[in-house]
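Hi,

Here is the structure I said I would pass on to you.

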Amino acid sequence: MKQTSDTKTYDAIVVGSGATGGWTAKVMTEAGMDVLMLEAGRAFDPENDFREHTLPHDMELRGRPDPRNELLQRRHRQSYCYACTEVNADFFIDDVDNPYTEAPGTHFNWIQGNVVGGRSIMWARQSYRMSDYDFKAASMDGYGMDWPISYADIAPYYDRVERYIGVNGRKEGLEILPDGDFLPPMAFTCGEVMLKETLTEKFNRPMTIGRNAVLTRRHNGRDMCHYCGPCHYGCRTNSYFNSPQTTLVDCEATGRFTLVPDAAVIKVDMLAGDLASGVTYVDKTTNLTREAKADIVVLCASTLASTRILLNSAEGGLANESDCLGRYVMDHIYATGVRGVLEARAGARPERANRPNGIYVPRFQNLKDPATKNPNYIRGYGYQGGENITTWQHGNSLPGFGADFKRMVESSTVSTIGLGGFGEILPRPENRVTLDPETKDKWGVPVLRMNTTLGSNEYAMVQDMIEEGRAMLEALGCTDITQNTEPAPIGSGIHEVGTARMGDHPLTSYLNQYQQSHTVKNLFVMDGSCYVSVGCVNPTLTMMSLALRSTEYLVDRHKRGELA
Amino acid sequence: MSKQTTDGRSRSGPAARPTRRKVLAAGAGAFGYATLQAEPIRAAIPALAAYQAEGSGWTPRLLTPAQGELLATLCDHILPRTDTPGALDAGVHEFIDLELSLAGGDDQLAALGGLDWIDRRATSLHGSPFLSLGNEQQLDLLREISDEHEDHEPELVAGAAFFSDLKRRTLFAFYTSKTGRTEALGLPDRVRVERFRGCQHEPGESHV
């Protein structure tokens, strides 16, 4: 790995090496620009660090949290995330060194990567397009602000990102969930086919197989999925999208790319006037502070990490005339949903292949058809879930013990159908992150203080999510239906966006439609910070497509000398 | 009691020697007296002597050797060897002792209290601790506190809660073990390349 030279001025610095950082660096280096990428996390070696074939019996506590595991103990917040276990704890940030605070009475789960590739290593890979129901939501229901772009503006970039990363899925022809350029779809289980038939016949609602960034055939030189299951532990066959095994490889191939891990950026440095000159960062291997210089600074540190850098760059936040910086925190309503037993499938044998995907029920409320209007809330939600077949876990609810009990456990299975809602959280200015006046991280840098709550629209949506979910499972013939009506704290969906929103007007938005600061023209924020509203689909595909679109604009303006 | 007797897992192959349950069952068959004490039984059964001599070298982390042996016996009653291996073959009791040794104080107290409850119940019913009872007496005692009954008498509630917790621990420990996974569930011990087939039915065909 090359070391950064303190004297060299790069064409651009990219802060963060995840999904969006990889795309912007790829486009810039392939256009001939010299790029320095600073990544706060550590370097890793797929051969040793990707442990996706770990089975429970390979672990002394079979994957249950091990109090002797110091890595895990230092990730007491990160381990909220299902993907953070003793197998891969060091892909996640150290909560002791990197604290954040919460306003009294509020809770926030901030799950962060600590590795080259960031959360693109551990992401859930679900890849859906937003539609004009999202980009123009304010025009439809009057709440908030439209995006400065429409679906037509981003559609060609969705196409290009999907073709490159490989997204499997089935075309459905739905306005709410635009089709993409898909690899062959994954299959439904029998129970899922039954659910789809029920939704079609009794509810006139579509259901599709999850669209996700996993290869269902060989693609762009990468092998197809071998269905081991836990993609979040890494993939030695490189069969799901992450930046280190794709975009960063392309960057490296240009010979114009310098990647520095363990480099935690503190602030954006400014020239006299309204131009950025580079960044100041902590070299976590030496704990020394260093500076790096460039003509252009692109923050891709993840929404809240980029926001923290900007808040730490100037009193009141750098270039924050709009006062939007840190406000409008959004995520998806997470953890609420229903599950029921599908008696008709009792005894079905689970496949050995572990499909890293589920089903998707697109938003069906508050669409253009007046019959879909729900008077209790605006916007909507989709369901993710599917059929699960137990191998032994049903033993916990079988009565008795002994030989007959054991034979029953081993000869029977239970099928359950789960529907988990992902609902839109409205952009509210009071849902906000600021710098904590007292708490600092290990390197003395002020940390974020989260102040976010769910509102009445979200709770009304949750109630509908549960009622509709129950109705669908009952219509399918499910029994023993259970529900979770308590949404997890904001952040738990790990879809946090919106704290430097884009817009046409500098007084009501932080960035323009190309994710460029309205006032510091060589400063870009190309992660989820730009979101104006969050819709209800997983955000990474949209974030990558926006970064591709914005970086092509950046390269064009750079070549014309307009960013200096 | 000797600590060597607390492990039912065989080092020389699961079929090579009797399980603890079979040994205890043999004891009950040979004597059939509820009031006999444990030590005389041990001395009188050649198979158990051999079993003790064979030993496993297991030293419990949290439990005393006597508690370890009681735990092993309870696990064996929950998931005995059938046509597939049982809890003792997979070292379930060793896993549970390890897990408890790392657990919080409340979980430890609940488990230790539960083991103690079993012996107190055995003593109050039959005048001797659980391991001294014959197999049928042991099973009868456990049936009283099993979740096959929905409501338990107040005096049995604590025991039922312990046994329910132990059952969950035993299921987890057994079926996540290599032995449970491969020999009881028939799953491969390593990840293999697979293809997901999904539903193979024709439209209109039953999925049931």
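Let's start with the two domains of chain A: their C-alpha centres lie 34 Å apart. Keep in mind that you're looking at a predicted model. Domain 1 of chain A is made of several pieces of the chain (1–124 + 243–331 + 428–452 + 496–564), and so is domain 2 (186–211 + 333–424 + 454–489). Where they touch, domain 1 puts in eight residues and domain 2 puts in 10. On the domain 1 side of that contact you'll find four nonpolar residues, three polar and one charged.

Next, the inside. As background, nonpolar side chains in soluble globular proteins tend to be buried together. The largest nonpolar core here has 136 residues, and the ones touching the most other members are A:I13, A:V15, A:V35, A:L38 and A:V298. Which helix gives the most to this core? That's α12(A), with eight residues. Both domains of chain A take part too, each with at least three residues in the core. There is also another core, apart from that one, with 38 residues, and its members include A:F401 from one chain and B:A90, B:F95 and B:L166 from the other.

Leaving out residues up to four places away in sequence, A:V35 touches a whole list of others, among them A:Y10, A:A12, A:M28, A:C251 and A:F257.

Back to α12(A) for a moment. This helix covers residues 540–559 of chain A, 20 residues in total, and it reaches 28 Å from its first C-alpha to its last, close to the 28 Å expected at 1.5 Å a residue. Is it mostly enclosed or mostly open? Of its 20 residues, 15 are buried, so the rest of the structure largely encloses α12(A). Just past the end of α12(A) sits A:G561, with a positive phi of about 75°.

Speaking of positive phi, two residues have one without being glycines. A:S302 is at about 95°, and A:Q515 is at about 60°. You can find A:S302 in the loop between β8 (288–299) and α9 (303–311) of chain A, while A:Q515 is in the loop between β16 (479–484) and β17 (523–525) of chain A. A:S302 counts as buried because 29 other C-beta atoms lie within 10 Å, and for A:Q515 the count is 29 as well, so A:Q515 is buried too.

Now for chain B. What is it built from? Chain B has nine helices and zero strands. Of its 208 residues, 38% count as buried. If you take the contacts in chain B with a separation of 6 or more, 66% are made by residues 24 or more positions apart.

Finally, how do the two chains meet? The contact takes 37 residues from chain A and 34 from chain B. On the chain A side, the elements giving two or more residues are α7 and α10 (403–411) of chain A. That side of chain A has 18 nonpolar, 10 polar and nine charged residues.

One residue to look up here is A:F188, in the loop between α6 (151–165) and α7 (190–203) of chain A. With 22 other C-beta atoms within 10 Å, A:F188 is buried. Setting aside its neighbours within four places in sequence, A:F188 is in contact with A:V193, A:K196, A:I209 and A:I359, and also with B:G198 and B:C199.

Notes. Residues are numbered from 1 along each chain as its sequence is written. Chains are lettered from A and ligands numbered from 1 in the order in which they are written. This is a predicted model: local features need pLDDT of at least 70, side-chain atom pairs count only at pLDDT 80 or more; totals for chains, interfaces and linings use all residues. Helices (H or I, at least four residues) and strands (E, at least two) are DSSP runs, numbered from the N terminus. A residue is buried if 20 or more other C-beta atoms lie within 10 Å of its own, exposed if 12 or fewer, and partly exposed in between; C-beta atoms are placed from the backbone. Two residues are in contact if their C-beta atoms, placed from the backbone, lie within 7 Å. The expected span of a helix is 1.5 Å times one less than its number of residues. Ala, Val, Leu, Ile, Met, Phe, Trp, Tyr, Cys and Pro count as nonpolar, Asp, Glu, Lys and Arg as charged, and the others, Gly among them, as polar. A nonpolar core is a set of buried Ala, Val, Leu, Ile, Met, Phe, Trp, Tyr and Cys residues joined through C-beta atoms within 7 Å. Domain bounds come from an automatic or database domain assignment.
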